[in-house]
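Please look at the sequence and the 3D structure shown below, and keep both in view while you read the report that follows.

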Amino acid sequence: MLGGRYLALEFSLELQGSSVEALQILGFDTLKGLYTASWRDTGSTWAVDCQGQPTDDVGKLVLFGSMVDAYTPDGRPFRLELDARDRRAVVLRISEGSVGEEVLLQEQRWTR
């Protein structure tokens with residue numbers, strides 16, 4: 001996307017009995033030196049954004065942000081982890097809560 005500067009992930013899924021289409025845009029902010037992600041979907045009108053520093057762990061991104069939704073419009077802390085170290089699959093984990101008190105909300109495994 002945009003000359004290879006961003007990666008767009010498009011989703012169609014069932015969420016709480018409703019069909020949802022979603023778009024997640026991943027990129028790298030060269031001014032801040034951070035990876036970024038932004039989520040939009042047909043089930044809401046707001047964005048969920050997060051960012052994280054590069055690590056030596058090639059193939060794994062750990063991003064932090066504020067989970068904004070109708071339940072908590074001011075947001076609550078969350079962590080998004082994308083693990084692509086296995087060439088056959090990508091594992092996505094979403095946790096919420098402060099660091100050290102996080103609770104895993106979901107884990108998805110996408111096969112290639």
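This is a predicted model: local features need pLDDT of at least 70, side-chain atom pairs count only at pLDDT 80 or more; totals for chains, interfaces and linings use all residues.

**The sheet**

The strands form an open sheet of eight, in the order β1-β2-β3-β4-β5-β6-β7-β8, and their pairing is antiparallel. At the edges stand β1 (6-15) and β8 (103-111), each of which has a single partner strand, so one side of each is left without a neighbour in the sheet. From one strand to the next, the twist averages 20 degrees. In general, strands of a sheet pair through backbone hydrogen bonds, in either a parallel or an antiparallel way.

Some terms need their rules before we go on. Strands are DSSP runs (E, at least two residues) numbered from the N terminus, and two strands count as paired if DSSP finds at least two bridges between them.

Residues are numbered from 1 along each chain as its sequence is written, and side-chain values use heavy atoms, with hydrogens and water left out.

**Aromatic rings**

Rings of Phe, Tyr and Trp (its six-membered ring) are taken as a pair if their centres lie within 6.5 Å, and planes under 30 degrees apart count as stacked, over 60 as edge-to-face and the rest as tilted. The count by this rule comes to three aromatic pairs. F11 and W39 make a tilted pair, because their ring centres are 5.4 Å apart and their planes stand at 40 degrees. This pair links distant parts of the chain, with F11 in strand β1 and W39 in strand β3 (residues 34-41), 28 residues apart.

How open are these side chains to the surroundings? Buried means under 20% relative accessible area, exposed over 50%, and partly exposed in between, using a 1.4 Å probe and protein chains only. F11 is buried, at a relative accessible area of 18%, whereas W39, at 23%, counts as partly exposed.

F11 also forms a tilted pair with W110, at 5.5 Å centre to centre and with 55 degrees between the planes. Here F11 in strand β1 is linked with W110 in strand β8, 99 residues apart. W110 is partly exposed, with a relative accessible area of 24%. F11, W39 and W110 together form one aromatic cluster.

**Salt bridges**

A salt bridge is a side-chain nitrogen of Lys or Arg within 4 Å of a carboxyl oxygen of Asp or Glu. The whole structure holds 12 salt bridges, and the table gives examples.

| Salt bridge | Closest N to O |
|---|---|
| R85 and D57 | 3.0 Å |
| R76 and E96 | 2.7 Å |

E81 in strand β6 and R93 in strand β7 are 12 residues apart; E81 is buried, with a relative accessible area of 7%, while R93 counts as partly exposed at 23%. Through shared partners, salt bridges join K60, R79, E81, R93, E102 and E107 into one network.

**A residue before the sheet**

L2 lies in the segment before β1, and its phi is near 55 degrees, a positive value in a residue other than glycine. L2 is exposed, with a relative accessible area of 60%.

Conventions: Helices (H or I, at least four residues) and strands (E, at least two) are DSSP runs, numbered from the N terminus. Axes are lines fitted to C-alpha atoms, for helices over the stretch in contact, and angles run from 0 to 180 degrees between N-to-C directions.
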